[in-house]
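Hi,

Here is the structure I promised to pass on. Have a look at it first, and then read my notes below.

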Amino acid sequence: KGKKKKEKKDKKKKKGKKKGKKGDGGGDEEEGFKLAPSAFLPAVVESSQQYDDVWKYRDEADNFQQKYDAEIIKEQKRGEVESEIRVQVDDLMRQELKNLKAAIERDKGKKGKKGKKSGKKKKGKKKGK
């Protein structure tokens, strides 16, 4: 019985010592190994967000044959078409802007020439009774 009591006391002392070391260990973590930012985490977060947006609340219980969903395809194609049209519209707008600038320059040139005209007066019609 005496040996068991000593072992229990020794265990209690060791636990007490370990608790003291845990407090010191907090400082070691700051000085120790630090993980670099993960290169894969942004991709995982993006995929998770995509799942939440598209599939989280979608009821696929009746889709045993895994048929395509026309709405998903339309949304994807709509984005592609929109980006292609945006490029074309941007090109057209740039061309139109060039044309407008050229027209403004021509108008400025004509206005300057109009000021140089001679002071001839136009004859008007005489009123007769």
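Let me start with a pair of side chains: Glu80 and Lys77 meet in a salt bridge, 3.5 Å from N to O (a side-chain nitrogen of Lys or Arg within 4 Å of a carboxyl oxygen of Asp or Glu). Because Glu80 and Lys77 are three residues apart in helix 3, about one helical turn separates them. Glu80 is partly exposed at 41% relative accessible area, and Lys77 is partly exposed too, at 45% (buried means under 20%, exposed over 50%, partly exposed in between, with a 1.4 Å probe and protein chains only).

Before you go further: this is a predicted model, where local features need pLDDT of at least 70 and side-chain atom pairs count only at pLDDT 80 or more, while totals for chains, interfaces and linings use all residues. Residues are numbered from 1 along each chain as its sequence is written, and side-chain values use heavy atoms, with hydrogens and water left out.

The salt bridge count comes to four. Asp91 and Arg94 make one of them, at 3.4 Å from N to O, and they also sit three residues apart in helix 3, about one helical turn. Arg58 pairs with Asp69, with the closest N and O atoms 2.3 Å apart. That pair links distant parts of the chain: Arg58 and Asp69 are eleven residues apart, both in the loop between helix 2 and helix 3.

As for the overall fold, the chain has three helices and zero strands (DSSP runs numbered from the N terminus: H or I of at least four residues for helices, E of at least two for strands). Of its 129 residues, 2% are buried.

Arg58 and Asp69 turn up again in the lining of the largest pocket, along with Gln50, Val54, Trp55, Ile72, Glu75 and Gln76. A pocket here is an open set of points on a 1 Å grid over the protein atoms alone, where a 1.4 Å probe fits, with protein on both sides within 12 Å along at least five of seven lines; lining residues have an atom within 4 Å of a point. Helix 3 (70-114) gives the most to this lining, with three residues.

Last, where is Phe40? Phe40 is in the loop between helix 1 (2-31) and helix 2 (41-54), and Phe40 is exposed, at 65% relative accessible area.

Cheers
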